[in-house]
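Keep the viewer open as you read.

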Amino acid sequence: MANDKKQKNTEGKRICSVGGQALMEGIMMLGPNGMAQVVRNPQGDIVVKTEKIELLTRKYTILGWPIIRGGVSLISSMIRGMQALFYSADIAMEEEDENGKSTAPSEKAMGAMMGFSLLIALAFSVGLFFLLPNFLSSLIIPDSSPKILYNLFEGLVRIVLFFGYMILVALMKDIKRVYMYHGAEHKTIHCYEHEDELTVENVRKHSKHHPRCGTAFLFVVMVISIIVYSLLPRFGNVFLNMGLRILMLPVVAGIAYEFNRFAGLHNNLITRILRAPGMAMQRFTTKEPDDDMIEVAIIALKKALDFENGKAVPCCETIKSKSNEDECIENTESDNTTEHDDITSETTDNSNN
């Protein structure tokens, strides 16, 4: 019986076509046809934004080819994820001045900030996890040493840096709530995949670890990079070595994507073993959420699933919090306002659950 319960918390009856990302005080759920961003503002209201999307891998056939689609998906998800993070930060930290006007930056300023932040994030990630290990191995390992020793040391440094970074970030106080939303995202998708009704009570009992988590993808990228880079020639010029590794990053991402895709779509002993390191890493990147976070995740998933059922219409609406119940009553004529504490109301009528 205990084994059945454990299995239920790790593998569902179906695979959800929607994936998620934790935001600041919210969650983004992304499916093949649409995206839902759900964020709780400082007043406790839930701001819902949905939009129809067309994935590049579907729009252009060549970009959907194996290996190529991995790099395309990685870049697209980074851009879309950064946009969602800035959007959530805008909502979660929005304040009003004495005239009642929002103090949030303009759309143009937000775009510039997002572009700059994305460049910094890319430069930091590539520099820390790919170029620095290669540079250190060039300094420490003698040129006369076997290439395998050089590659193993580079890979070891990369793994140590990656785990060290994940652990340090997990210790940050401000990141804890993001990781709690991450846990809410996983638990909600698990609930859907187990064909349970999407309620706070049902979601709460599921695991906060999920086999198709992005954290697992990052770990696979680290491992695949060690294998791929071990096949590359080693030059006397350290900058040439680093440049070659940058050029091979799309290949590494593509192979890692195909690996995660295969492991996520199959459930057997081999794939469970292959997924184990990524699942273990989620101990650092997910926390148990509170009920309010689960509620946000439920709304986000249902809204994203509506696009897959052809029921969704892009919109932006605000669901009033329980503390603003009187205000909700006063605005019952508005099409974009629903009760926050009634998950089965108009907000979820369009769901397939």
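What percentage of the 353 residues of the protein chain count as buried? In this predicted model, the figure is 44%. The chain is built from 13 helices and six strands. If you look at contacts between residues at least 6 apart in sequence, 68% of them join residues at least 24 apart. The accessible surface of the chain comes to about 18400 Å², and carbon and sulfur atoms account for 61% of that area.

Now find helix H11, which runs over residues 269-285. Its 17 residues reach 24 Å from the first C-alpha to the last, close to the 24 Å expected at 1.5 Å a residue. Even so, H11 bends by about 45° at Ala276, with a proline, Pro277, following within four residues. Which residues of H11 are buried? They are Thr271, Arg275, Gly278, Met279, Met281, Gln282 and Thr285. As a reminder for reading such a list, an α-helix has 3.6 residues a turn, so residues three or four places apart point the same way. The cover over the buried residues of H11 includes helices H5 (147-171), H6 (176-193), H8 (214-230) and H10 (249-265).

Leu56, Tyr60, Ile62, Trp65 and Ile68 make a nonpolar patch of about 470 Å². One of these residues, Trp65, is found in the loop between helix H2 (56-59) and helix H3 (68-92). Is Trp65 buried, partly exposed or exposed? Trp65 counts as partly exposed because its relative accessible area is 46%, a value between the 20% and 50% cut-offs.

Definitions and conventions. Residues numbered from 1 in each chain as written. Predicted model: local features only at pLDDT ≥ 70, side-chain atom pairs only at ≥ 80, totals over all residues. Heavy atoms only, no water. Patch = residues over 30% accessible without salt bridge, like charges linked within 9 Å, V, L, I, M, F, W, Y side chains within 5 Å. Areas by Shrake-Rupley, 256 points an atom, 1.4 Å probe, with all protein chains shown as cover. Salt bridge = Lys/Arg side-chain N within 4 Å of Asp/Glu carboxyl O. Helix = DSSP H or I, 4+ residues; strand = E, 2+ residues; numbered from the N terminus. Buried < 20%, exposed > 50% of the residue type's maximum accessible area, 1.4 Å probe, protein only. Expected span 1.5 Å × (residues − 1). Bend = angle between axes of the 7 residues up to and from the residue. Contact = heavy atoms within 4.5 Å.
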